[in-house]
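Here's a quick tour of one model, written for someone who likes cut-offs spelled out. Have the structure open as you read.

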Amino acid sequence: MSEVVGRVLGTEDATPLEFWVAVAPGSHLQLDDVVAIDRDLPNGERIGLYGVVSQVRARHEGARFDSDVFLISDGILPAEVAEAAQVQLTRVVPETFVPPLPGAEVRRAVDAERDTALDFDEVERRLPAGLSRDNDPIYLDFDFVDGTKGAHINISGISGVATKTSYATFLLYSMFNSGVLGDEAVHTRA
């Protein structure tokens, strides 16, 4: 089982598309982390909810005014630091769109659970597209690159610093060297 990193907040609305997680003491979440939650429905069915951290925040609980930070730092006013992370839903298995319940355990999604969260388990032809912050591979569904289901890649960034060109070159290298082309490799040119 993956590491439990927090619980669904009960002070913020949890919806089937977005929710907040109170980060557990001794844990942390950062932008782009992938998380998982289980929800048991009244009929006994278990739903897996998966998402990506889109925002993180830290605040003093017990403070009312901005200037309270000085009193808290001096030990005059009692308060605790609380961290929370906003999660954008990426996948629900099976597709029953219900919110996670407040207090539900949130765990870091790793290995097969991460693949499920990011739909990598459904991709037949994976084009390596880079690495996550944790050095885990990120893939594109090659069917949406080669024209099978579509054919478009959009690379955005700052003009004139060669990052878009470098990344496009990397994707071409990945396409020709990852084996994703299969038997078509000998007939493919860029």
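## Ground rules

This is a predicted model, so local features need pLDDT of at least 70 and side-chain atom pairs count only at pLDDT 80 or more, while totals for chains, interfaces and linings use all residues. Residues are numbered from 1 along each chain as its sequence is written, and side-chain values use heavy atoms, with hydrogens and water left out.

## Helix H3

H3 spans residues 163–177, and its 15 residues reach 21 Å from first C-alpha to last, close to the 21 Å expected. That expectation is 1.5 Å times one less than the number of residues. Helices here are DSSP runs of H or I with at least four residues, strands are E runs with at least two, and both are numbered from the N terminus.

Which residues of H3 are buried? They are Leu171, Ser174 and Met175. These cover an arc of only 100° around the axis, which puts them on the same side of H3; the arc is taken from the directions from the helix axis to the C-beta atoms. On the other side, Thr165 and Tyr173 are exposed. Buried means under 20% relative accessible area, exposed over 50%, and partly exposed in between, with a 1.4 Å probe and protein chains only. The cover over the buried residues includes strands E7 (126–131) and E8 (137–141). Just after H3, Gly179 takes a positive phi of about 90°.

The largest pocket has a volume of about 250 Å³. It has 14 lining residues, and the closest to its centre are Asp32, Asp33, Val34, Arg114 and Ser132. A pocket here is an open set of points on a 1 Å grid over the protein atoms alone, where a 1.4 Å probe fits, with protein on both sides within 12 Å along at least five of seven lines; lining residues have an atom within 4 Å of a point.

The second largest pocket holds about 170 Å³ of space. Among the residues lining it are Leu9, Thr11, Arg57 and Ala84. Strands E2 (18–23), E4 (46–61) and E5 (80–93) each supply at least two residues of that lining.

## Glu80

Glu80 sits in strand E5 and is exposed, at 56% relative accessible area. What does Glu80 contact, leaving aside its neighbours within four places in sequence? Arg59, His60 and Glu61, where contact means heavy atoms within 4.5 Å. Glu80 and Arg59 are 21 residues apart in sequence and 8.2 Å apart in space, C-alpha to C-alpha.

Methods: Grid points are joined across faces, edges and corners, and a volume is the space filled by probe spheres set on the points.
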